[in-house]
Amino acid sequence: MGGYEAREAAWGKLEAHAEALARTPLKALFTADADRVARFTREVAGVAVDHSRQRITSETLALFMSLAKAVDLQGQLAAMRNGGIVNATEGRAAMHAALRGSGTDAAARAAVDKARGDVRAFAGEVTSGKRRAAGGPFNAIVHIGIGGSDLGPRFIYDALKAFRRPGMTMRFAANVDGAEIADALEGLDPKTTLVVVVSKTFTTQETMANADHARAWLVAAVGEEAANRQIVAVSAAPERAEKWGAGAVFPFWDWVGGRYSLWSAVGLSCEIALQDGAFEALLEGAAAMDAHVFDTALADNLAFRAACVQSLNRLYGMKTYALIPYGRRLTLLPAFLQQLEMESNGKSVDVEGRALARSSAAITWGDAGTNAQHSFFQLLHQGRDVTPVEFLVIARGSEGPASHRAMLLANVLAQAQALYEGKSPEAAKAEMLAKGETPERAQYLSTHRAFPGDRPSTMVGLDALTPKTLGALLAFYEHRTVMQAWLAGINPFDQWGVELGKQMAALLLPALQGGAVSSVDPATAAWVEKLR
Ligand code: F6P
């Protein structure tokens, strides 16, 4: 059987399995297996993932292992690790793991080591005060970039507030809405600000517009020559960045996808804005996860299991999943994962270009708990559509008033339990009667106050919120994403779907600046008239 036929046959078996298992209540799975929690929980590098409340069995995993064999998942994993061309449409390797020392390609390793040394040396000069701005030591960074050149550093800086370097502040500008760069620069002193422009291609419209504006802001205050010393770039197109006028350019390479690039010089601004050793620890955490994922048999491989769960839920017809980190410091995680998962896997054709028979990606969405409980959790508990939820909880440590911690933890556990347990109309009615409602009213309210339950969720526990666990967590999500793609037969490393809109925006720009409108649909033409 050829690769495609073998893949489809394996998926066919999984579809039949999912159809049968869909009718089994989660509680029955627990009744049948006293060790279920232990069986479906794994902990790696400070990241514990409990899939026991997902509708999955040992048989499911065995069927996914057959699928993995059919798509040569382990061969692809080895190829990715070794620098093989795993991004077929762009003819490129995908060596993001090499950025944290986990790749085997010698040339990549040497390039990574050199670049890492340069980033650390530069950061050291800035933080020690050896490298100064026109008005004295640097005390602020404006990080300009979008998508993969923004979301990772933005999330890390926000999440690791406890690890920030005193006396250094960081702002971000991604959106081409001028409000964003205006906000980023507001109140900063151009005489002590470092501008870091991050763009793999150094052609991205939003980034170039924001970078030009930031440069003008610096030049107006300190003059051209001094401004150049306060602007650095990170790019896989270093000549373009130099030509634009960056004072120093830190390279990365076409074999690093934007959404997988946090570990490269893209993290330069975090290297400066976080305390000494924090970025290194992030890399170490990611490398620990890599070591597990690369070297552990699939049956016990955390990323593989998680990829199976995500893939299986799509077979159950669940088109989205909600990612709910408890708490505040992980608020930006859903945004980071939206790009990682949806830009990687939102495809309709397999690597060979054949139409996919089933969806290759769920829609990722979510917000921090407990806030989300007071917003869309109504739908999660009682809506007709079942949405799997991924909860994240931090086991040790907390900031702010100590008394809040237990409340936060009680809430996350309660939400997962409520989704699983539910409440019958009879139980709801009994509660109403106990509260003194009349039998008629208790009967009327019983269906409104009932919960179907039997709703799946995953519990992810971070040992503590540190650079190391965060590195491991993000590497876990990268591997989970890529493995899902390989199971589906798609290429997770290209993103052609972002191109059409970019092309059209370039054509519409002159029209919005007053030029003629040609070759657009009637609705677009009407809106151009209205907006220009
Ligand atoms: O528009 C999508 C995208 O190409 C992402 O893949 C990328 O992370 C982002 O734009 C930014 O691209 P660049 O780093 O080249 O500016």
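Domain bounds here come from an automatic or database domain assignment. This is a predicted model, in which local features need pLDDT of at least 70, side-chain atom pairs count only at pLDDT 80 or more, and totals for chains, interfaces and linings use all residues. Residues are numbered from 1 along each chain as its sequence is written, and side-chain values use heavy atoms, with hydrogens and water left out.

Figure 1. The assignment gives domain 1 (3-86 + 282-421 + 456-493), domain 2 (105-276) and domain 3 (502-531). The centres of domain 1 and domain 3, taken over C-alpha atoms, are 41 Å apart. The chain holds 22 helices and 13 strands. Helices (H or I, at least four residues) and strands (E, at least two) are DSSP runs, numbered from the N terminus. The chain has a radius of gyration of 25 Å, close to the 24 Å from the globule rule for 532 residues, so it is as compact as a globular protein of that length. That radius is taken over C-alpha atoms, and the rule is 2.2 Å times the number of residues to the power 0.38. Along the principal axes, the C-alpha atoms fill a box of roughly 80 × 65 × 55 Å.

Figure 2. Of the 532 residues, 51% are buried. Buried means under 20% relative accessible area, exposed means over 50%, and partly exposed lies in between (1.4 Å probe, protein chains only). The accessible surface comes to about 22800 Å², and carbon and sulfur atoms account for 54% of that surface. Areas come from the Shrake-Rupley method with a 1.4 Å probe; for residues, only the protein chains shown count as cover. The chain has 54 positive and 56 negative charges, and their mean positions are 3 Å apart. Lys and Arg count as positive and Asp and Glu as negative, while His and the chain ends are not counted. Each charge is placed at NZ of Lys, CZ of Arg, CG of Asp or CD of Glu.

**Figure 3. His17 in helix α1.** Helix α1 spans residues 3-21 and includes His17. His17 is buried, at 9% relative accessibility. Beyond its neighbours within four places in sequence, His17 is in contact (heavy atoms within 4.5 Å) with Thr57, Glu59, Thr60 and Leu63. Trp527 is 510 residues from His17 in sequence and 49 Å away in space, C-alpha to C-alpha.

**Figure 4. Two loop residues with positive phi.** Most residues other than glycine have a negative phi. Ala45 has a phi near 50°. Ala45 lies in the loop between β1 (41-44) and β2 (47-50), and is partly exposed at 36% relative accessible area. Asp72 also has a phi near 50°. Asp72 sits in the loop between α4 (58-70) and α5 (73-82), and is partly exposed at 44%.

Figure 5. Most peptide bonds are trans. Gly369 and Thr370 are joined by a cis bond, with omega about 15°. Thr370 belongs to the loop between β11 (363-365) and α16 (377-382).

**Figure 6. Arg449 and its contacts.** Arg449 lies in the loop between α19 (439-448) and β13 (457-464). At 39% relative accessibility, Arg449 is partly exposed. Leaving aside neighbours within four places in sequence, Arg449 is in contact with Gln382, Lys423, Ala428, Met432 and Lys435. Pro425 is 24 residues from Arg449 along the chain, and 7.1 Å separate their C-alpha atoms.
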